[in-house]
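Please look at the structure below and follow the text with the model in view.

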Amino acid sequence: MQPVRFTTDGQWNCPRCGASASGKRCPNCKFLIYAGFIPRIIAGLVDGGICWTAAKCFLFFRCNSLDAFLAVTLLGFVFFRLYHILFVALWGQTPGKMLARIQVTRLDGSPVGWTHAILRNSVETTLVAIIVYFEIKASFQIPAMDFLSAMREQRDALISKLMPHDIIYVSMASKLYVYSEYVVMWMNKRKRAIHDFIGGTVVIHDPRQSILPWRRIKVMRDIADKMEEISFEDFLEKHGKL
């Protein structure tokens, strides 16, 4: 399967019919190459559902004690950052993007790596890191017995009271950043959001991709195994050299 490639003058090969195209649509089959609002919403809903479920689990366990609060807060931060960075760095897709059949690539269509994936998520990571820092700092100011004596549903409130009042602006900035992504996406032909400009990436449709990326790895391994089974003598005999 030939990956989609973009030339410096905007030419690309259509993943549906293979025709050469420019702009955002294939002139032959009218395939739209750049992922727009609807597929990204689908991907966002799937990823949001997974992250929401994980967040509920983390919130439940981190209120057991101050030690649990510290450990689970750090674990949650690492989990959510890796969710959005690891999947993109390895496959160019989060689970939501896999389901929507869209993929993050570099501007020339080549696979993204760790640098692009980290840069793409850098703003969200920075904003969340600020909140996590003050949560941890506040947890060190509460006596363990006071934390345990409070009702479970009140323990998060104890932490919140000790955090700076201005932290609410960081939370607001995080939400505004997410919403602004879709606004910026509508303002350019390649449907690039802010994090795409930061990371040097673009999101494209590719209906040929398997929903499960590890199946792609398995297919590649099977092909490699088949190639190893063919001896050099068999190759020469098949092609009439012996």
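This is a predicted model: local features need pLDDT of at least 70, side-chain atom pairs count only at pLDDT 80 or more; totals for chains, interfaces and linings use all residues.

The space inside the largest pocket comes to about 1600 Å³. Sorted by class, the lining consists of 22 nonpolar, ten polar and ten charged residues.

Several helices build this lining. At least two residues each come from helix 1 (37–62), helix 2 (66–91), helix 4 (114–120), helix 5 (122–139) and helix 8 (167–186). Helix 1 gives the largest share, 13 residues.

Now follow helix 1 to its contact with helix 2. The axes of these two helices come within 9 Å and cross at roughly 170 degrees. An angle over 145 degrees counts as roughly antiparallel, and helix 1 and helix 2 are therefore roughly antiparallel to each other. The residues of this contact are 13 nonpolar, three polar and two charged. On the side of helix 1 they include Cys-51, Ala-54 and Phe-58; on the side of helix 2, Phe-79, Tyr-83 and His-84 are among them.

The crossing of helix 1 and helix 8 is right-handed. Phe-37, Arg-40 and Ile-41 of helix 1 meet Tyr-182, Met-185 and Trp-186 of helix 8. Five residues of this contact are nonpolar, one is charged and none is polar.

Notes
Residues are numbered from 1 along each chain as its sequence is written. Side-chain values use heavy atoms; hydrogens and water are left out. On a 1 Å grid over the protein atoms alone, a cavity is a set of points where a 1.4 Å probe fits but cannot get out, and a pocket is an open set with protein on both sides within 12 Å along at least five of seven lines; lining residues have an atom within 4 Å of a point. Grid points are joined across faces, edges and corners, and a volume is the space filled by probe spheres set on the points. Helices (H or I, at least four residues) and strands (E, at least two) are DSSP runs, numbered from the N terminus. Ala, Val, Leu, Ile, Met, Phe, Trp, Tyr, Cys and Pro count as nonpolar, Asp, Glu, Lys and Arg as charged, and the others, Gly among them, as polar. Axes are lines fitted to C-alpha atoms, for helices over the stretch in contact, and angles run from 0 to 180 degrees between N-to-C directions. Angles under 35 degrees count as roughly parallel, over 145 as roughly antiparallel, 65 to 115 as roughly perpendicular and the rest as oblique. Contact means heavy atoms within 4.5 Å. A crossing is left-handed if the near helix is turned anticlockwise from the far one by less than a right angle, and right-handed if clockwise.
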